[in-house]
Amino acid sequence: MKKRILIYGDSNTHGFDAETGGRFDENTRWTGVCQNLLGEDYVIVEEGLNGRTTCLDDPLAPFCNGLAYIVPCILSQLPLDMICVKLGSNDLDRSMRQTPEMMAANAAKVLKTARAALREKYPDSSCQYVLMAPLETTEDALNGPFGYSYDEETIAVSKTVAKAYEKQAEKEGFLYFDANQYARCGSIDGVHLDAENHRKLGVAFASWLKERW
């Protein structure tokens with residue numbers, strides 16, 4: 001049986017290209033890189049949305065509350081062998097001013113909700129659950145082309161988020177993956193992966209998955 005892995009994320013999973021304002025193709029996106037390396041025994045189910053938050057509503061970005069959509073997403077993609085939530089970057093934007101601990105708790109809430117939905121349908125499932133730390137925002141975001149509401153304080157906070165996610169994953173019994181160990185945001189806007197860093201993240205996650213299966 002093929003291993004089905006859901007990646008539930010934001011614009012860096014969707015593949016937003018900061019240079020063009022469009023979207024990287026499926027072979028450039030980190031999820032696609034991962035799929036190509038894993039081969040036909042795995043299915044990467046890519047579920048990325050520009051602007052998606054953990055649990056927060058944004059009047060400027062409707063339908064982007066990650067918690068609101070997670071259950072229908074899970075039910076539409078079952079069965080699953082792994083669910084990975086990679087959310088949090090947008091919780092720093094738009095003056096939401098979430099602390100790292102709040103972000104981690106909210107991301108974990110999305111993953112716990114996913115786990116509950118899956119277990120209700122498949123009580124004996126051996127599905128694994130992964131909390132992935134979002135990428136740090138870099139100083140390039142201060143002069144980026146898209147008018148993000150990031151400032152030096154936000155950038156400093158972003159550098160402490162991974163540790164909060166790691167602690168939250170341990171608390172909830174989730175697997176943990178820190179994207180910052182393998183990739184960084186591109187220089188165009190300091191928020192989104194460029195093609196090379198999509199490749200690095202995809203290679204790293206594929207290797208990490210193979211260690212588990």
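**Entry 1: a term to start with**

A residue is buried when its relative accessible area is under 20%, exposed when that area is over 50%, and partly exposed in between. I wrote this down before anything else, and I also noted that this is a predicted model. With those cut-offs in hand I looked up Lys159: its relative accessible area is 39%, so Lys159 is partly exposed. Glu136, at 27%, is partly exposed as well.

**Entry 2: salt bridges**

How many salt bridges does the structure hold? I found eight. One of them joins the side chains of Lys159 and Glu136, with 3.9 Å from N to O. This pair links distant parts of the chain, 23 residues apart. Lys159 is in the loop between helix H5 (152–158) and helix H6 (161–172), while Glu136 is in the loop between strand S4 (128–133) and H5.

Next I looked inside helix H6. Glu166 and Lys163 both lie there, three residues apart, about one turn of the helix. They form a salt bridge whose closest N and O atoms are 3.2 Å apart. Glu166 has 33% relative accessibility, so it counts as partly exposed.

I then turned to helix H7 (residues 195–212). Arg199 and Glu196 form a salt bridge there, and their closest N and O atoms are 2.7 Å apart. They are separated by about one helical turn because they sit three residues apart in H7. Arg199 is partly exposed at 39% relative accessibility, and Glu196 is partly exposed at 37%. I also noted a network: Arg23, Arg29 and Glu46 are joined by salt bridges that share partners.

**Entry 3: helix H2 and what covers it**

Which residues of helix H2 (residues 30–38) are buried? My list reads Trp30, Thr31, Gly32, Val33, Cys34 and Leu38. I wanted to know what covers them, and the cover includes strand S1 (3–9), helix H1 (11–14), strand S2 (42–48), strand S3 (82–86), S4 and H7. Just after H2 comes Gly39, which takes a positive phi of about 85°.

**Entry 4: Gln98 in its loop**

I picked Gln98, which lies in the loop between S3 and helix H4 (100–121). Is Gln98 buried or exposed? At 11% relative accessibility, Gln98 counts as buried. Leaving aside its neighbours within four places in sequence, I found Gln98 in contact with Leu56, Asp91, Leu92, Met103, Asn106 and Val157.

**Entry 5: aromatic rings**

A search of the whole structure gave me six aromatic pairs. In one of them, the ring centres of Tyr42 and Trp213 are 6.3 Å apart and the planes are at 50°, so this pair is tilted. Tyr42 lies in strand S2 and Trp213 in the segment after H7, so the pair ties together parts that are 171 residues apart in sequence. Tyr42 is buried, with a relative accessible area of 9%, whereas Trp213 counts as partly exposed at 29%.

Phe205 and Trp208 were my next pair: their ring centres are 5.4 Å apart and their planes are at 20°, so the pair is stacked. Phe205 and Trp208 are three residues apart in helix H7, so about one helical turn separates them. Phe205 is buried with a relative accessible area of 0%, and Trp208 counts as buried at 10%. Trp30 was already in my notes as one of the buried residues of H2.

Last, I looked for gaps. The search found one cavity of 30 Å³ or more, and the largest cavity has a volume of about 40 Å³. Which residues line it? I noted Asp10, Ser11, Asn12, Ser89, Asn90, Tyr150, Val191 and His192. By class, two of the lining residues are nonpolar, five are polar and one is charged.

The largest pocket has a volume of about 220 Å³. It is lined by 14 residues, and the closest to its centre are Lys2, Pro79, Leu80, Asp81 and Ser125. Sorted by class, the pocket lining has seven nonpolar, three polar and four charged residues.

Methods:
Residues are numbered from 1 along each chain as its sequence is written. This is a predicted model: local features need pLDDT of at least 70, side-chain atom pairs count only at pLDDT 80 or more; totals for chains, interfaces and linings use all residues. Side-chain values use heavy atoms; hydrogens and water are left out. On a 1 Å grid over the protein atoms alone, a cavity is a set of points where a 1.4 Å probe fits but cannot get out, and a pocket is an open set with protein on both sides within 12 Å along at least five of seven lines; lining residues have an atom within 4 Å of a point. Grid points are joined across faces, edges and corners, and a volume is the space filled by probe spheres set on the points. Ala, Val, Leu, Ile, Met, Phe, Trp, Tyr, Cys and Pro count as nonpolar, Asp, Glu, Lys and Arg as charged, and the others, Gly among them, as polar. A salt bridge is a side-chain nitrogen of Lys or Arg within 4 Å of a carboxyl oxygen of Asp or Glu. Helices (H or I, at least four residues) and strands (E, at least two) are DSSP runs, numbered from the N terminus. Buried means under 20% relative accessible area, exposed over 50%, partly exposed in between (1.4 Å probe, protein chains only). Contact means heavy atoms within 4.5 Å. Rings of Phe, Tyr and Trp (its six-membered ring) pair if their centres lie within 6.5 Å; planes under 30 degrees apart count as stacked, over 60 as edge-to-face and the rest as tilted.
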